[in-house]
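Please consider the following model.

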Amino acid sequence: MKDLVRLHTSLTEEIEAALNDQCKMEAEASLKYLAMAAWLDRNGFDYSAGYLYAQAEEEREHFLKIFKYITEVGGVAITPTPNEVQQEFGSLRDVFETALQGEIAVTHSINRIVAKCRELNDYATEEFMMWYVREQREEEHNARRVMELFELIDANSSTGRFVLDEEISKVGRRVS
């Protein structure tokens, strides 16, 4: 049966495996953001928590988009089993440093898939993945912007913690 299915798709097993790995990474990213948001909620950072709850939803959408693409092109999408995610963090800054490192890891993974698509002449998947290339540029920019806020706002001042929490929630919003 596997060979019969394989005859009806141009998706190579190598690309299919890479996409399924990316599905798992996106699903885990969603869970990581959810854990971060819960930690922020527990520690009184309501605005930042809201920001990361939204990020968790966004990562889930990214996961589903790849999952559906695999089935759309005749591949076998594997429902991922996520690894354990970190539940505790040392500080607000620690949460967002972890988030930035996660975004960089996702970017590297997407770049590897695009490179593999080029190597195997899978132009359809490469074109599909270009949306993720653009998305990761924005995600990394936003994560770096949050880290810049830690340099601009003194979280130890009387109102700094509140201002920092509030300003983080605004990162990535388009001003029109």
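Helices (H or I, at least four residues) and strands (E, at least two) are DSSP runs, numbered from the N terminus. On that basis the protein has 6 helices and 0 strands. The model is predicted: local features need pLDDT of at least 70, side-chain atom pairs count only at pLDDT 80 or more, and totals for chains, interfaces and linings use all residues. Residues are numbered from 1 along each chain as its sequence is written, and side-chain values use heavy atoms, with hydrogens and water left out.

**Overall form**
- The C-alpha trace spans about 65 × 30 × 25 Å along its principal axes.
- Of the 176 residues, 43% are buried (under 20% relative accessible area, 1.4 Å probe, protein chains only).

**Nonpolar cores**
- A nonpolar core is a set of buried Ala, Val, Leu, Ile, Met, Phe, Trp, Tyr and Cys residues joined through side-chain atoms within 4.5 Å.
- The largest core has 25 residues, and those touching the most other members include Leu40, Val95 and Phe150.
- Two or more residues each come from α2 (13-42), α3 (46-72), α4 (92-119), α5 (123-152) and α6 (160-168).
- A second, separate core of 20 residues includes Ile15, Phe63, Phe67 and Tyr69.

**Thr125**
- Thr125 is located in helix α5 and is buried, with a relative accessible area of 1%.
- Its contacts (heavy atoms within 4.5 Å), leaving aside neighbours within four places in sequence, are Leu11, Ile15, Leu19, Tyr69 and Cys117.

Note on methods
Buried < 20%, exposed > 50% of the residue type's maximum accessible area, 1.4 Å probe, protein only.
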